Amino acid sequence: MRHLNRVARKLLAYCPLRAPVRILAGLPVPHYADTEWDGTRFTTRIDSSLDARAATETLAHEWAHAMTWTATRTDHGPTWGKAYSRAYRVAAEERRPSRCVATAPTASAATPPPTDAGDARSSAATARDAT
(Lines give C-alpha, C1' and ligand atoms only; values in the text may rest on other atoms or scores of the structure.)
Protein backbone atom coordinates (compact mmCIF):
# COMPACT_ATOMS: atom_id res chain seq x y z
CA MET A 1 0.00 0.00 0.00
CA ARG A 2 2.53 2.48 -1.24
CA HIS A 3 -0.06 5.22 -1.73
CA LEU A 4 -0.55 5.35 2.05
CA ASN A 5 3.00 6.71 2.38
CA ARG A 6 2.02 9.65 0.19
CA VAL A 7 -1.19 10.19 2.17
CA ALA A 8 0.66 9.94 5.49
CA ARG A 9 3.19 12.58 4.37
CA LYS A 10 0.32 14.95 3.51
CA LEU A 11 -1.37 14.26 6.84
CA LEU A 12 1.87 14.92 8.72
CA ALA A 13 2.27 18.23 6.91
CA TYR A 14 -1.30 19.49 7.25
CA CYS A 15 -2.67 17.63 10.29
CA PRO A 16 0.35 17.30 12.58
CA LEU A 17 0.35 14.99 15.57
CA ARG A 18 1.91 15.58 18.96
CA ALA A 19 4.05 12.44 18.64
CA PRO A 20 5.54 10.23 15.92
CA VAL A 21 3.30 7.72 14.14
CA ARG A 22 4.11 4.30 12.71
CA ILE A 23 1.75 2.96 10.05
CA LEU A 24 1.58 -0.77 9.44
CA ALA A 25 -0.35 -1.67 6.31
CA GLY A 26 -0.95 -4.94 4.52
CA LEU A 27 -1.67 -7.06 7.57
CA PRO A 28 -4.97 -8.66 8.57
CA VAL A 29 -6.52 -6.43 11.26
CA PRO A 30 -9.81 -7.07 13.09
CA HIS A 31 -12.33 -4.29 12.35
CA TYR A 32 -10.16 -3.12 9.40
CA ALA A 33 -7.91 -0.78 11.44
CA ASP A 34 -6.84 0.35 14.87
CA THR A 35 -4.60 2.91 16.50
CA GLU A 36 -2.66 2.50 19.73
CA TRP A 37 -0.71 4.96 21.87
CA ASP A 38 2.22 3.64 23.91
CA GLY A 39 3.05 6.94 25.61
CA THR A 40 5.68 7.94 23.05
CA ARG A 41 4.31 6.96 19.63
CA PHE A 42 1.09 6.17 17.80
CA THR A 43 0.86 2.90 15.88
CA THR A 44 -1.86 2.59 13.25
CA ARG A 45 -2.60 -0.73 11.56
CA ILE A 46 -4.57 -0.87 8.30
CA ASP A 47 -6.09 -4.15 7.08
CA SER A 48 -4.71 -5.72 3.90
CA SER A 49 -8.18 -6.38 2.45
CA LEU A 50 -8.94 -2.67 1.92
CA ASP A 51 -8.61 -1.15 -1.54
CA ALA A 52 -6.72 2.14 -2.00
CA ARG A 53 -9.75 4.39 -1.46
CA ALA A 54 -10.98 2.55 1.64
CA ALA A 55 -7.45 2.44 3.07
CA THR A 56 -7.10 6.21 2.55
CA GLU A 57 -10.42 6.92 4.26
CA THR A 58 -9.55 4.52 7.07
CA LEU A 59 -6.16 6.17 7.59
CA ALA A 60 -7.90 9.56 7.86
CA HIS A 61 -10.29 8.03 10.43
CA GLU A 62 -7.45 6.61 12.50
CA TRP A 63 -5.42 9.82 12.11
CA ALA A 64 -8.31 11.74 13.67
CA HIS A 65 -8.09 9.44 16.69
CA ALA A 66 -4.38 10.26 17.02
CA MET A 67 -5.09 14.00 16.62
CA THR A 68 -7.59 13.97 19.49
CA TRP A 69 -6.11 11.28 21.74
CA THR A 70 -6.48 12.02 25.45
CA ALA A 71 -6.12 10.03 28.63
CA THR A 72 -9.84 9.25 28.53
CA ARG A 73 -9.88 8.68 24.73
CA THR A 74 -13.47 9.58 23.96
CA ASP A 75 -14.15 7.99 20.59
CA HIS A 76 -16.19 9.58 17.82
CA GLY A 77 -17.32 12.67 19.73
CA PRO A 78 -17.54 16.23 18.37
CA THR A 79 -13.81 16.93 18.75
CA TRP A 80 -12.95 13.73 16.90
CA GLY A 81 -15.52 14.56 14.20
CA LYS A 82 -13.89 17.91 13.56
CA ALA A 83 -10.44 16.29 13.38
CA TYR A 84 -11.77 13.59 11.02
CA SER A 85 -13.25 16.24 8.74
CA ARG A 86 -9.87 17.94 8.51
CA ALA A 87 -7.92 14.72 8.04
CA TYR A 88 -10.36 13.45 5.41
CA ARG A 89 -10.12 16.66 3.38
CA VAL A 90 -6.32 16.43 3.39
CA ALA A 91 -6.19 12.69 2.66
CA ALA A 92 -8.77 12.77 -0.12
CA GLU A 93 -7.37 15.83 -1.90
CA GLU A 94 -5.31 14.81 -4.93
CA ARG A 95 -3.72 18.21 -5.37
CA ARG A 96 -1.92 20.15 -2.67
CA PRO A 97 -4.54 20.64 0.06
CA SER A 98 -5.35 24.04 1.43
CA ARG A 99 -4.12 24.77 4.90
CA CYS A 100 -7.17 23.88 6.94
CA VAL A 101 -5.38 22.95 10.15
CA ALA A 102 -3.73 25.10 12.77
CA THR A 103 -0.50 24.08 14.47
CA ALA A 104 -0.24 20.76 16.26
CA PRO A 105 -1.92 20.58 19.67
CA THR A 106 0.51 21.07 22.50
CA ALA A 107 -1.79 19.67 25.16
CA SER A 108 -0.63 16.89 27.40
CA ALA A 109 -2.00 13.37 27.06
CA ALA A 110 -4.44 14.08 29.92
CA THR A 111 -5.76 17.34 28.45
CA PRO A 112 -7.97 17.39 25.36
CA PRO A 113 -6.84 19.75 22.60
CA PRO A 114 -8.61 23.11 22.45
CA THR A 115 -11.54 23.53 20.10
CA ASP A 116 -11.61 26.18 17.42
CA ALA A 117 -14.74 28.25 18.04
CA GLY A 118 -13.97 30.33 14.96
CA ASP A 119 -14.89 27.44 12.67
CA ALA A 120 -18.40 27.24 14.11
CA ARG A 121 -18.93 31.00 13.73
CA SER A 122 -17.66 31.08 10.14
CA SER A 123 -19.77 28.02 9.23
CA ALA A 124 -22.87 29.67 10.68
CA ALA A 125 -22.13 32.87 8.75
CA THR A 126 -21.59 30.92 5.54
CA ALA A 127 -24.89 29.04 6.01
CA ARG A 128 -26.71 32.30 6.75
CA ASP A 129 -25.18 34.04 3.72
CA ALA A 130 -26.12 31.13 1.44
CA THR A 131 -29.83 31.49 2.20
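Trainee: So, Glu62: buried or exposed?

Mentor: Glu62 counts as buried, because its relative accessible area is 6% and the cut-off for buried is under 20%. Keep in mind that this is a predicted model.

Trainee: Okay, and where is Glu62 found?

Mentor: Glu62 sits in helix 2.

Trainee: Which residues is Glu62 in contact with, leaving aside its neighbours within four places in sequence?

Mentor: Glu62 contacts Ala33, Asp34, Thr35 and Thr44. There's also Tyr84, 22 residues away along the chain, whose C-alpha is 8.3 Å from the C-alpha of Glu62.

Trainee: Tell me about helix 2 itself. How many residues does it have?

Mentor: Helix 2 has 16 residues. From first C-alpha to last, helix 2 reaches 22 Å, close to the 22 Å expected at 1.5 Å a residue.

Trainee: And what caps the N-terminal end of helix 2?

Mentor: That's Asp51. One of its side-chain oxygens lies 3.3 Å from the backbone nitrogen of Arg53.

Trainee: Which other residues of helix 2 are buried?

Mentor: Quite a list, including Ala55, Leu59, Trp63, His65 and Met67. The buried residues of helix 2 pack against helix 1, strand 1, strand 2, strand 3 and helix 3.

Trainee: Let's talk about the core. How many residues are in the largest nonpolar core?

Mentor: The largest nonpolar core has 25 residues. Those with the most contacts inside it are Leu11, Cys15, Ile46, Leu59, Trp63, Met67 and Ala87. Helix 1, strand 3, helix 2 and helix 3 each supply at least two residues of this core.

Trainee: Which element gives the largest share of this core?

Mentor: Helix 2 does, with seven residues.

Trainee: Why would residues like that end up together?

Mentor: In soluble globular proteins, nonpolar side chains tend to be buried together.

Trainee: Can we zoom in on Leu59? What does it touch, not counting residues up to four places away in sequence?

Mentor: Leu59 touches Leu4, Val7, Ala8, Leu11, Ile23, Thr44 and Ile46.

Trainee: New topic: Asp47. Where is it found?

Mentor: Asp47 is in strand 3. Asp47 is buried, yet it has no salt bridge.

Trainee: What joins the side chains of Asp47 and Ser49, then?

Mentor: A polar contact of 2.6 Å.

Trainee: Last one: the whole protein. How many helices and strands are there?

Mentor: Four helices and three strands. Along the sequence they follow the pattern α-β-β-β-α-α-α. Of the 131 residues, 34% count as buried. And among contacts between residues at least 6 apart in sequence, 55% join residues at least 24 apart.

Methods. Residues numbered from 1 in each chain as written. Predicted model: local features only at pLDDT ≥ 70, side-chain atom pairs only at ≥ 80, totals over all residues. Heavy atoms only, no water. Core = buried A, V, L, I, M, F, W, Y, C linked by side-chain atoms within 4.5 Å. Buried < 20%, exposed > 50% of the residue type's maximum accessible area, 1.4 Å probe, protein only. Contact = heavy atoms within 4.5 Å. Expected span 1.5 Å × (residues − 1). Polar contact = N/O pair within 3.5 Å; in protein donor to acceptor, adjacent residues only side chain to side chain. Lys, Arg positive; Asp, Glu negative; His and termini not counted. Salt bridge = Lys/Arg side-chain N within 4 Å of Asp/Glu carboxyl O.
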